[in-house]
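Visitor: Hello! Could you help me learn to read how the parts of a structure meet?
Guide: Gladly; let us look together.

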Amino acid sequence: MKVLVAVKRVVDYNVKVRAKADGSDVDLNNVKMSINPFCEIAVEEAVRLKEAGVATEVIAVSIGDKACQEQIRTALALGADRGIQVETEGAVEPLVVAKLLKGVVEKEEPQLVILGKQSIDGDNNQTGQMLGALAGMPQGTFASVVKVDGDRVQVTREVDGGLQTVSLTLPAIVTTDLRLNEPRYASLPNIMKAKKKQLDVYTPADLGVEVTKHLTLVKVEPPAERQAGIKVESVDELVDKLKNEAKVI
Amino acid sequence: MGTLVVAEHDNATLNPATLNAVAAAQALGADIDVLVAGNGCGAAGEAAAKVPGVGKVLVADNAVYEHALAENTSLLIAELAAGYDNVVAAATTSGKNIMPRVAALLDVAQISDVIAVEAADTFKRPIYAGNVIATVQTADAKKVITVRATAFDPVAAEGGSAAIEVVDAVHDAGLSSFVGEELAQSDRPELTAAPVVISGGRGMQNGDNFKLLDGIADKLGAAIGASRAAVDAGFVPNDMQVGQTGKIVAPDLYVAVGISGAIQHLAGMKDSKVIVAINKDEDAPIFQVADYGLVADLFEALPELEGKL
């Protein structure tokens, strides 16, 4: 079974992003870029499926300019077999990403598509679900356990009240939550090997997709700052403040 | 035309986040209808009809809508959306699961996690884990929106008398089925709805020590939460996680115990009215957002606090 895994190039998890002074966008000059953490979990899950003999081939796809080949190579170093880049410029909205991925799905016909539940830049949490709707595939979002069983996949999902398990027909979409697995580190030999793996580049036109823009970023601004309060000396003082000053207990 | 709010419910009662979603819908300025899709969901439909400001409640009662499976429910919502300008749901795990499918079926962008309505087509939403607030304007005539419940004060649950209309449409995509669920059993209020939340972090050292929070939570009527560090360390289950990748809470009182205050965690609780931090490290970033900070060993402070409440 073929598994397609989507990876996104985003600002590194440890970078504290700020709005530009003119509020036009966030300031991404000289900022470290990495593979989106949820996408890394998706790659790990796909590779584990291959190691378990369930998947036969793992294909990593990314949408973006040439720089995103770096994240595809990361996925290849983690164990994906080959890569696909869909070449786009600038920010691409989740709906368009989903359409482009649908184009790749039609070419590759994977049985399972694994994506991160959200990217840590836009925090949209949309692409996997949108791909599911466009491709007519079921989805197991926010997955913490994925079990392929014959012609179906069973996915345990992290929901607000606890866990929910659903059974999906294949082909299916899975989006990853944090506890699905702990991604491995790429070894140096694997990083070297990844450089030689096949990486195909498509344009949106190759996939029959027009890159449209539905949203305009009007401005960005820092969130309302919270002022630091006071330090209390004792539990007694804390209880007193909460009762008589804040009046919350 | 108007706004369709997708209710979240357990067939019997409305999830409180629905009342926040209705409040957000009011900010859009159009007439509001509510969709209750489920199986045996008549009581939830009646509860929705009592919400003030709701014009009518559409009830789609069929086995295919049980457990709000996204594949089926999104087809229903997309069909009903033909009669509306806006489709709104709370950004709960259920809303996040279903609504992007609706948007894709309608070929429109979704605007996720809205925290403010600036105009009928312009919204504020947090990006980069809440480090930046973006204002976005959509060119789509039909808007699909999920709203962050804590950013909108809920409308009243009672006082309205909306008409109930039965929706006969049955959409079964035939792609997915419900297997089971394991919902956390607790007598405590739900994290996102609790007036008081007390959370533990890595400083709790292990899962057993979370029991130290129990007595205080009992006395305050609080829900118990945790930082991602505590979840990652395996102390407590993920459904207790407060933060950008967990639950967003904004209670009247938030007590952070043994939590350093990573950006990730702050994004999930910094809109709380009053924040208390108890941490033995006086330089912990949590103190920069806390109204009241107590530099102390939590293993001494917690029993003392419980005794004095």
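Visitor: How many residues of chain B are in contact with chain A?
Guide: This is a predicted model, where local features need pLDDT of at least 70, side-chain atom pairs count only at pLDDT 80 or more, and totals for chains, interfaces and linings use all residues. Residues are numbered from 1 along each chain as written, chains are lettered from A and ligands numbered from 1 in written order, and side-chain values use heavy atoms, without hydrogens and water. Contact means heavy atoms within 4.5 Å. Here, 86 residues of chain B touch 80 residues of chain A.

Visitor: How many salt bridges does the rule find across the interface of chain B and chain A?
Guide: A salt bridge puts a side-chain nitrogen of Lys or Arg within 4 Å of a carboxyl oxygen of Asp or Glu. The rule finds four between chain B and chain A. One of them joins Lys308(B) to Asp236(A), at 3.1 Å from N to O.

Visitor: Which strands of chain A and chain B pair?
Guide: Strands are DSSP runs (E, at least two residues), numbered from the N terminus, and two pair if DSSP finds at least two bridges between them. Strand S9 of chain A (residues 162–169) runs antiparallel to strand S11 of chain B (residues 176–183), with seven bridges. Within this pairing, Leu163(A) is bridged to Glu182(B).

Visitor: And into which domains is chain B divided?
Guide: Domain bounds come from an automatic or database domain assignment. Chain B has domain 1 (3–166) and domain 2 (191–308), with C-alpha centres 30 Å apart. Five residues of domain 1 of chain B contact seven of domain 2 of chain B, and the salt-bridge count between these domains is zero.

Conventions:
Helix = DSSP H or I, 4+ residues; strand = E, 2+ residues; numbered from the N terminus.
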